Amino acid sequence: MINNYDDILQWVEENDIMILDQGFRDSLGVLKSLGIDVAMPSFFGPKQNQSDVQDANNSRFVTILRWVVESVNARIKRFKWFNQVILNSLLPYVQDFIYIVAALLNCFHVSMVTPSPNDDATVRRMNSLRTQNNTLQIFLTNYNLARNSIWNVIDIHNLVQRFRKLSMVDLRMITLRVYQLKRARSYAEEHADSIDLTDPHLEFPIQSCTDTNAHDIIRIRFQSAHKKSSQYYTYIQFDPNQILAWYCTCRSGPRVVGCCSHVAVGIWFLGYERHQLETNQQPSSTNFANLHYCDSISDNEDSSDEDNDARYSSTR
């Protein structure tokens with residue numbers, strides 16, 4: 001870009017924003033020196049284990065737009081030749097092979113993006129939530145409600161108040177797209193140690209708080225999907241009519257623009273799946289395999305939703 005190879009700078013117009021992942025972190029200085037605005041998921045400091053709410057919200061704006069890039073890459077890598085190390089001697093042929101693969105995908109594959117009647121509502125909701133704080137996180141901190149001694153495991157049928165029954169439309173407005181919902185079944189099956197999630201005798205461990213200030217809050221302890229040594233506590237505040245707030249101790253848990261996968265599991269199971277007459281009895285391994293390619297889901301987001309050993313500091 002510095003040398004304007006192939007007139008690449010002509011591709012960029014005034015007020016354009018480049019939406020990048022963290023792999024481009026070392027290019028920020030160059031891009032800014034060229035007058036190009038950049039949007040990128042937030043960086044973690046050396047001792048930071050969780051995003052603050054504003055960084056988490058802003059990162060969600062990036063990932064909900066960038067998923068299409070990862071999806072295109074995934075479609076190309078479905079062709080075995082591109083899903084392996086390519087020898088240097090074959091590099092002169094890569095461009096021709098890309099043309100062939102792209103032509104096949106454009107001709108025979110479904111569209112990458114399909115407009116939805118709810119797109120405008122999703123955008124409005126995201127913009128309205130972008131600058132909001134996580135009220136439940138603040139509440140838990142102010143009243144010191146995160147300590148384990150005040151939380152007891154209860155039966156799912158003994159909730160203090162009824163958990164509202166939700167539709168898929170309701171769930172998508174909470175999660176803002178469906179990536180977290182695609183992961184929900186696998187998480188729920190592992191948490192319940194069962195693939196029959198509509199079994200009336202299913203054990204789905206939930207915790208309630210002995211503190212009277214938290215009578216409308218439940219807590220669920222989820223095992224990390226990436227680290228066996230890591231567990232996360234997911235808090236959901238609700239009344240019989242609506243989901244009031246959520247917070248999770250995972251890396252992106254504080255965000256209110258959508259929610260992390262752990263929050264989505266709790267809301268999906270309590271408000272939707274357990275009310276179904278039949279369950280999709282696929283083993284969790286099958287569901288995880290279905291997530292191998294990003295284009296099998298809508299709006300894939302960075303794996304930092306949970307665990308990532310890499311910690312980056314901002315170069316700004």
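Axes are lines fitted to C-alpha atoms, for helices over the stretch in contact, and angles between their N-to-C directions run from 0 to 180 degrees. Helices (H or I, at least four residues) and strands (E, at least two) are DSSP runs, numbered from the N terminus. The structure is a predicted model, in which local features need pLDDT of at least 70 and side-chain atom pairs count only at pLDDT 80 or more, while totals for chains, interfaces and linings use all residues. Residues are numbered from 1 along each chain as its sequence is written, and side-chain values use heavy atoms, with hydrogens and water left out.

**Two crossing helices**

The axes of α7 and α8 come within 8 Å and cross at roughly 75°. The two helices therefore count as roughly perpendicular, a class that covers 65 to 115 degrees; angles under 35 degrees count as roughly parallel, those over 145 as roughly antiparallel and the rest as oblique. On the α7 side, Gln180, Leu181, Arg183, Ala184, Arg185, Tyr187 and Ala188 meet Ser261, His262, Ala264, Val265 and Trp268 of α8, where contact means heavy atoms within 4.5 Å.

Arginine 183 belongs to helix α7. Because its relative accessibility is 7%, arginine 183 counts as buried; buried means under 20% relative accessible area, exposed over 50% and partly exposed in between, with a 1.4 Å probe and protein chains only. Its side chain makes a polar contact of 3.2 Å with the side chain of serine 261. A polar contact is a pair of N or O atoms within 3.5 Å; within protein, one must be able to donate a hydrogen and the other to accept it, and residues adjacent in sequence count only if both atoms are side-chain atoms.

**The sheet**

An open sheet of 5 strands runs in the order β3-β4-β5-β6-β7, with antiparallel pairing. Strands β3 (151–154) and β7 (242–248) stand at the edges with a single partner strand each, so one side of each has no neighbour in the sheet. From one strand to the next, the twist averages 30°. Two strands pair if DSSP finds at least two bridges between them.

| Strand pair | Sense | Bridges |
|---|---|---|
| β3 and β4 | antiparallel | 4 bridges |
| β4 and β5 | antiparallel | 2 bridges |
| β5 and β6 | antiparallel | 7 bridges |

Serine 208 in β4 stands opposite asparagine 152, and its bridge partner in β5 is isoleucine 218. Isoleucine 218 in turn stands opposite isoleucine 236 in β6. From strand β4 (residues 206–209), Ile206 and Ser208 point one way and Gln207 and Cys209 the other way, and all are buried.

**Nonpolar cores**

A nonpolar core is a set of buried Ala, Val, Leu, Ile, Met, Phe, Trp, Tyr and Cys residues joined through side-chain atoms within 4.5 Å. The largest has 37 residues, and those with the most contacts inside it are Phe204, Ile206, Ile243, Ile267, Trp268 and Phe269. At least two residues of this core come from each of α6 (168–175), α7 (179–192), β5, β6, β7 and α8 (261–271). Helix α8 gives the most, with 7 residues. Leaving aside neighbours within four places in sequence, the contacts of isoleucine 206 include Val153, Leu159, Ile220 and Leu270. A second, separate core of 12 residues includes Leu136, Leu140, Trp151 and Ile217.
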